[in-house]
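Please read them with the structure open.

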Amino acid sequence: MTEKKKNLSEFTPFEFSSANKTRIGIVVSEWNDRITDSLFKGAEESLLEHGILKENILVKHVPGSFELPLGAQWMLDKTPVDAVICIGCVIQGETRHFDFISQAVADGIMNVGLKFSKPVIFSVLTCNTMEQAEDRAGGKHGNKGVEGAVSALKMLELLHGIE
Ligand code: DLZ
């Protein structure tokens, strides 16, 4: 079996079949906004590169990563989006906040996707240091926002193949 790419940021853009009618929501956390801005830009650029129309990308901000699941749920409830990309950055601090937030966000995002039966993508960095976050927001480990966009489109392509 050939080795699979581990870093989807290096993914060669593919022909996304229904690009001009696909609507994607992006929810961005304001905590660590230098990082989340960079993840957002990566996600948006990648969607455009795959043919998603700018007017079909809906962007909303939430105060912190903890609010991402509800932000995604509201988008799916109130607007006709096909998938939602959740962007956040949680950095380990001195208290146990990190563990509670990271786990709650991961579970919450998974639950929203299953509830709506639509791709709700976890583009949330959970890092020990700011340097690790920078490495994954356009640095030496790519941009996890790009990976989030590619994951959303790959899931939609899979869904179209099943329907
Ligand atoms: C409170 C908090 C802390 C300590 N750290 C982060 C973080 O590293 N990344 C992040 O996205 N949000 C953090 N927050 C804010 C919470 O996500 C949330 O917004 C607040 O607890 C209010 O519910």
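1. How far is an oxygen atom of the ligand from an N or O atom in the side chain of glutamate 67? In this predicted model, the distance is 2.5 Å.

2. For serine 65, a polar side-chain atom lies 2.7 Å from a ligand oxygen. For serine 29, an N or O atom of the side chain is 3.4 Å from an oxygen atom of the ligand. The ligand taken alone exposes 490 Å², of which the protein buries 73%.

3. The ligand takes up the space of the largest pocket. Residues around the ligand include Trp31, Asn32, Gly64 and Phe66, together with Cys89, Val90, Ile91, His97 and Ile101. Ser29, Ser65 and Glu67 also belong to this set.

4. By class, the shell around the ligand holds six nonpolar residues, five polar ones and one charged one. Strand E3 (83-91) and helix H3 (97-116) each contribute at least two residues to this shell. The largest share, three residues, comes from E3.

5. Turning to salt bridges, a search of the whole structure finds four. Side chains of opposite charge can pair when their charged atoms come close.

Conventions. Residues are numbered from 1 along each chain as its sequence is written. This is a predicted model: local features need pLDDT of at least 70, side-chain atom pairs count only at pLDDT 80 or more; totals for chains, interfaces and linings use all residues. Side-chain values use heavy atoms; hydrogens and water are left out. A residue is near a molecule or strand if one of its heavy atoms lies within 4 Å of it. A polar contact is a pair of N or O atoms within 3.5 Å; within protein, one must be able to donate a hydrogen and the other to accept it, and residues adjacent in sequence count only if both atoms are side-chain atoms. Accessible areas come from the Shrake-Rupley method with a 1.4 Å probe; for residues, only the protein chains shown count as cover. On a 1 Å grid over the protein atoms alone, a cavity is a set of points where a 1.4 Å probe fits but cannot get out, and a pocket is an open set with protein on both sides within 12 Å along at least five of seven lines; lining residues have an atom within 4 Å of a point. A molecule sits in a cavity or pocket if more than half of its atoms lie within 2 Å of its grid points. Helices (H or I, at least four residues) and strands (E, at least two) are DSSP runs, numbered from the N terminus. Ala, Val, Leu, Ile, Met, Phe, Trp, Tyr, Cys and Pro count as nonpolar, Asp, Glu, Lys and Arg as charged, and the others, Gly among them, as polar. A salt bridge is a side-chain nitrogen of Lys or Arg within 4 Å of a carboxyl oxygen of Asp or Glu.
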